[in-house]
Amino acid sequence: MFSIITDHWATLCAGLGYTLMASLIALVGSLVIGTAFALMEISHRKWVRLIGRAYVELIRNIPLLVITMAFFVIVPMFIVKVDGFTAGTIGLTIYTSAFIAETVRAGIESVAVGQMEGARSVGMSYTQAMVHIVFPQAIKIVIPPLGNQFINLVKNSSVLAFVAGFDLMYQAKIIANLTFDTFDTYLAVGVFYLVLTMPLSYLMRYLEKKWVTA
Amino acid sequence: MSMIEFHGVEKYYGKFHALKDINLTIDRGEVVTVIGPSGSGKSTLLRTINGLEHITEGELIVNDFDLADKHTDMNKIRKNVGMVFQHFNLYANKTVLENITLGPTLVLHRPKDEVQKEAMALLDMVGLVDQAHKFPAALSGGQKQRVAIARSLAMKPRAILFDEPTSALDPEMIGDVLDVMQKIAKQGMTMVVVTHEMGFAQRVGDRIVFMADGQILEDSRDVKGFFEHPQEPRAQEFISKIFNH
C-alpha cells in the first residue's frame, strides 16, 4: 500500500484536490438550494409548498448516479456541453440539496410554533422572526444531521469517477488498471477519503458542542 | 372612543364554526375579561384581534385598522396591540433583557441604549431586574410570564391581549402575575383578558364577556351582578360549576 501512495503520490493528490473542490462547491451549493427549498416547503402559499415538496420527492428518490448522468448526457444534448467534473458536481449538489431541504425543514418545524407567534405578536415580519428567532434555534437542532449529510456528500462525490471527473475514485481506477494492485490501491484511496471526512466529522462535532450547548 | 370593534364576525376552521355572529365594541381603557368553558372560542376571539387568526366573515376594526381587508399590514396592528400567551413564548435564544428590547429596536427602530433603559425600568416594575441577563429557560413560569408582559409593554401598545396568562402556572406563581396585570390596568391600558381567574375578573375587570359554543352569550359592565345573577342558563351552569366545589 505504501508503494502505491509513494509511486502515485501526484495522481492521488490531484484526485484529492478534485474531490475536495467538488465537495466544497456541492456543500455550499446544496446548503443554499436545500435551505431555499426547505423554506418553500413551509410556505403559506399552497403552490409554493407543492413545488418544494415535488422537488424533494423527485430528487431524493432518484439514484445519484442517474441524476449525474442526466447532467452529463442529456444537458449537453440540448443546452451546453459540460465536462465530467461540472456534471458530477452539479449532480451531487442537486442530489444532496433534497436531503438538506428535508433536514432544514424538520429543524425549523421542531422550533415551537409559539416562538414564531411570540415574534410576530410584537410586529416582527415573517423574515425578521425567522432570522432573529427561529433560525438561530433551528440551526442548533440541525447541526448533527447536517454533519451526516456533509460526510455523505464527500463520500458520494465518488460518483464523479463515472463521468470522468478526475476525483479520487477516478484516479484509483487508473492506478488500479496500471498496477493491477486493486486491493492496495483502493485501500490507499480509502485513507485519502478519511483525510477529508475525519476533519469534517470533528468540525461538526466541535460546532455541535459550541452551539448546541450554548 | 372604541379600540376594538367586532361586527357580525364569523370564523370557520374548515367546517367547524368557531365564532358565531360576534358583535363586541371595546372602548379605550376598558379592561374586559372573557370567560367560558374550554372550546368556546375565547382564545380564537382574542387571536383574531391581532391577526394571528383571520376572520372568515364580518367586520373587525382594531385601532382604526380594518382586519378583514387583506391589504391591511398586520405588523402595524401588532406594533400597537401586544399579546401575552398562555405558554409565554419568550424567545429561547435571547436573554430576558433581549426579549424585551428586540421588538422596540427591530420593529420600532428605536435607539438601543434608550430602549435598554426602559426595559430595565419595566423589569423593575415586574420585580425581575436581577434576572435581566438570564435566559428564559432559567426562569420559573411566573417569572417568564412577567417578562412576557414586560416585553409587550416595551412596545408601548394601545392594548394588550392576554390569552389565559395564568393557566400554565403553579398556583403560588399566579398572584405575582395578576398583581402586575392589575398595575397595568390601573394605568389605563386597554386589556382583553381570557382567563379562568374569576377573582381577577371581579376585582380588576370593568366588563365581563361570557362565551359558549363560539357565541357571546353575556356581555355585562356589571361584573358583580353577572357573578351573582347570570342571566343565561349556560352562564348559570358555568358559574355554579366553578364556585361549587
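Student: In what order do the elements of chain A run from the N terminus on?

Tutor: From the N terminus on, the elements of chain A run α-α-α-α-α-α-α-α-α, and since this is a predicted model, everything we say here describes a prediction. In numbers, chain A has 9 helices and 0 strands.

Student: How far does the C-alpha trace of chain A span along its principal axes, and what share of its residues count as buried?

Tutor: The C-alpha trace of chain A spans about 70 × 45 × 20 Å along its principal axes, and 47% of the 214 residues of the chain count as buried. If you take the contacts in chain A between residues at least 6 apart in sequence, 73% of them join residues at least 24 apart.

Student: Turning to chain B, which way do the side chains of strand β9(B) point?

Tutor: The general idea is that in a regular strand the side chains alternate between the two faces of the sheet. In this case Arg207(B), Val209(B) and Met211(B) point one way from β9(B), while Ile208(B), Phe210(B) and Ala212(B) point the other way, and all of these are buried. The strand, which covers residues 207–212 of chain B, is accordingly described as mostly covered, with 6 of its 6 residues buried.

Student: Which strands pair with β9(B), and in what sense, parallel or antiparallel?

Tutor: Strand β3 of chain B, residues 31–35, pairs with β9(B) in the parallel sense over 4 bridges, whereas strand β10 of chain B, residues 215–220, runs antiparallel to β9(B) and is joined to it by 5 bridges.

Student: How should I read the area buried between chain B and chain A?

Tutor: The size of an interface is often given as the accessible area lost when the parts come together. Here the area buried between chain B and chain A is about 1,600 Å², and carbon and sulfur atoms give 55% of it. Tyr91(B), Asn93(B) and Leu106(B) supply 32% of the area that chain B buries against chain A, more than any other three residues. The contact takes 21 residues from chain B and 16 residues from chain A.

Student: Which residues form the salt bridge across this interface?

Tutor: The rule finds 1 salt bridge between chain B and chain A, and Arg47(B) forms it with Glu117(A), the closest N and O atoms being 2.5 Å apart.

How values were computed: Residues are numbered from 1 along each chain as its sequence is written. Chains are lettered from A and ligands numbered from 1 in the order in which they are written. This is a predicted model: local features need pLDDT of at least 70, side-chain atom pairs count only at pLDDT 80 or more; totals for chains, interfaces and linings use all residues. Side-chain values use heavy atoms; hydrogens and water are left out. Buried means under 20% relative accessible area, exposed over 50%, partly exposed in between (1.4 Å probe, protein chains only). Helices (H or I, at least four residues) and strands (E, at least two) are DSSP runs, numbered from the N terminus. Two strands pair if DSSP finds at least two bridges between them. Contact means heavy atoms within 4.5 Å. Buried area is the accessible area (1.4 Å probe) that two parts lose on being put together, summed over both. A salt bridge is a side-chain nitrogen of Lys or Arg within 4 Å of a carboxyl oxygen of Asp or Glu.
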